[in-house]
Amino acid sequence: MNLFESFRFAWRGVTANKGRSALTMLGVLIGVASVIALVAVGNGASATVTSSLNSLGSNTLTVTPGASSGSNLGTPFGSGGDASDTSGTTNSGTDIRAVELDLDDARALADKSQAPDVLGVAPVVSATSVTATYRGASHAVGTMTGSTAAYLLINNDTAAVGRTFTDSDYLAHSRVALVGPTVAKDLVGGDGNAVLGRTINLNGNGFTVIGILTAKGSTGPQDQDDRITAPATAVQDTLAGYQNLSSISVKATSAETTDAAQAEVERILQARHGTTEDDPGFTVSNSASILSAVSTITSTFTVLLGAIAGISLLVGGIGVMNIMLVTVTERTREIGIRKAIGAGRGDIITQFLVEAVMLSMLGGVLGILLGSLVGLIKVGTYQPVVSTGSIVLAFSFSVAIGLIFGLYPANRAASLKPIDALRYE
């Protein structure tokens, strides 16, 4: 019997009991759809996080107070003392104090003779518990940042409407502000553009809105558009006080020189504060390293989701084997007749194996359609990403399921003796 005849017999077996075949395919369908949909969720999460980190640039560094060693428990903001103190980290057994970053540190990092691989430096002052109000509307600002114009370039921030502040605004202590889309919409409604040129109050201090920042979306639960950026001098005058810097943003000349720039930053600050490489008193975060670590985590997460979904596909395969065993029992007399008129062992195995694979393939195709449709559903700003690889893998696995779990019933059918099969009632 040729392969065409095997397919014809298999198709007749599948369509003979449509309800049972549909339920059998449903197990495979759900398994394949689950694999595709869950891998799409993982890919979407990876793409979202990667996009958010890439928006910062692959050549950015962030210097924050606090030792990188586990034994140093410094606080991010200094309290009291001279801001230009370079005594570094003091350990008296119970009193451990982190390095305090100041404007002199930022100026030193911007010195091309000491840091040739550093393109730009921006001191950052953060204010907490800031509430923006305008004509009765109120909004608790998620992130309030004070810095220089270089900060906007380092973090790839642009104004979708209006303009950004300049170094002249910084030097003049101008009370101007760039607001994120979330803040703008909460204060004036609509698309938020009406807030441009208006004076809003930040904890009772008037700031003129000169621009609305380009939307960046959300990273998990964090809304990156819930923010306000203003000149650091104005923020210190009104909101943060003349405390030490919360961080320093640094941009390397290129992605290739990021590691060299990081080494220069660490060397300069260690020399200024009298600290050592083992206990520097500050932390330098490399965006490229963070991106690599996050990519590894999200890839592992995606594989885990795919493996969990694969379990349901395995259960679907067990369902295929169960139904095929029932089919062999029901068609025992048919098998006996076919053997009596000359069908060989290989013919019987091929017939039932093709039938099992056909059930799995049909379920796999329908599962691909369902999984792809689920992967197209957008939840808020989160978009799952259906990959060709997951589709090919899921379909291949469904075919393999048919072969593996159909082999035993097919072999059992082929092992029946013709005389016993003909006598079967």
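Which residues does Ser-21 touch, not counting residues up to four places away in sequence? Ser-21 touches Val-14 and Leu-359, where a contact means heavy atoms within 4.5 Å. The structure is a predicted model, in which local features need pLDDT of at least 70 and side-chain atom pairs count only at pLDDT 80 or more, while totals for chains, interfaces and linings use all residues. Residues are numbered from 1 along each chain as its sequence is written, and side-chain values use heavy atoms, with hydrogens and water left out.

**Overall make-up**

The secondary structure of the protein comes to 13 helices and 16 strands; helices (H or I, at least four residues) and strands (E, at least two) are DSSP runs, numbered from the N terminus. Of the 425 residues in the protein, 46% are buried, a term that stands for under 20% relative accessible area, with exposed meaning over 50% and partly exposed in between (1.4 Å probe, protein chains only). The protein exposes about 19,800 Å², and carbon and sulfur atoms supply 61% of this area, as computed by the Shrake-Rupley method with a 1.4 Å probe, where for residues only the protein chains shown count as cover. Among the contacts with a separation of 6 or more, 79% are accounted for by residues 24 or more positions apart.

Together with Leu-23 and Ile-30, Leu-26 forms a nonpolar patch on the surface, the three having about 290 Å² of accessible area together. Such patches are made of residues with over 30% relative accessible area and no salt bridge, like charges being joined within 9 Å and nonpolar side chains (Val, Leu, Ile, Met, Phe, Trp, Tyr) within 5 Å. An α-helix has 3.6 residues a turn, so residues three or four places apart point the same way.

Glu-334 lies in helix H10 (residues 332-340) and counts as partly exposed, at 24% relative accessibility. Leaving aside residues up to four places away in sequence, Glu-334 touches Phe-9, Arg-12 and Gln-351.

**Strand E1 and its two partners**

Strand E1 (residues 60-65) runs antiparallel to strand E15 (residues 247-252), and four bridges join them; two strands pair if DSSP finds at least two bridges between them. Within this pairing, the bridge partner of Thr-60 is Lys-251 in E15. E1 is also joined to strand E16 (residues 282-286), again antiparallel, by five bridges, and here Leu-61 stands opposite Asn-286. In a regular strand the side chains alternate between the two faces of the sheet.

**A mostly covered helix**

Helix H7 (residues 232-240) is mostly covered, since seven of its nine residues are buried, including Ala-232, Val-235 and Gln-236. The buried residues of H7 pack against strands E4 (118-127), E7 (143-147), E11 (205-213) and E14 (227-231), and against helix H5 (167-171). Just after H7, Gly-241 takes a positive phi of about 75 degrees.

**Salt bridges**

The structure holds six salt bridges, each being a side-chain nitrogen of Lys or Arg within 4 Å of a carboxyl oxygen of Asp or Glu. Three of them are listed here.

| Salt bridge | Closest N to O distance |
|---|---|
| Arg-272 and Asp-102 | 3.9 Å |

In the salt bridge between Arg-272 and Asp-102, Arg-272 lies in helix H8 (residues 258-273) and Asp-102 in the loop between strand E3 (96-97) and helix H3 (103-109), so the pair ties together parts that are 170 residues apart in sequence. Arg-272 is partly exposed, at a relative accessible area of 23%, whereas Asp-102 counts as buried at 6% and Asp-105 counts as buried at 0%. In the remaining pair of the table, Arg-163 is partly exposed, with a relative accessible area of 38%, and Asp-169 counts as buried at 10% relative accessibility. Salt bridges that share partners join Asp-102, Asp-105 and Arg-272 into one network.
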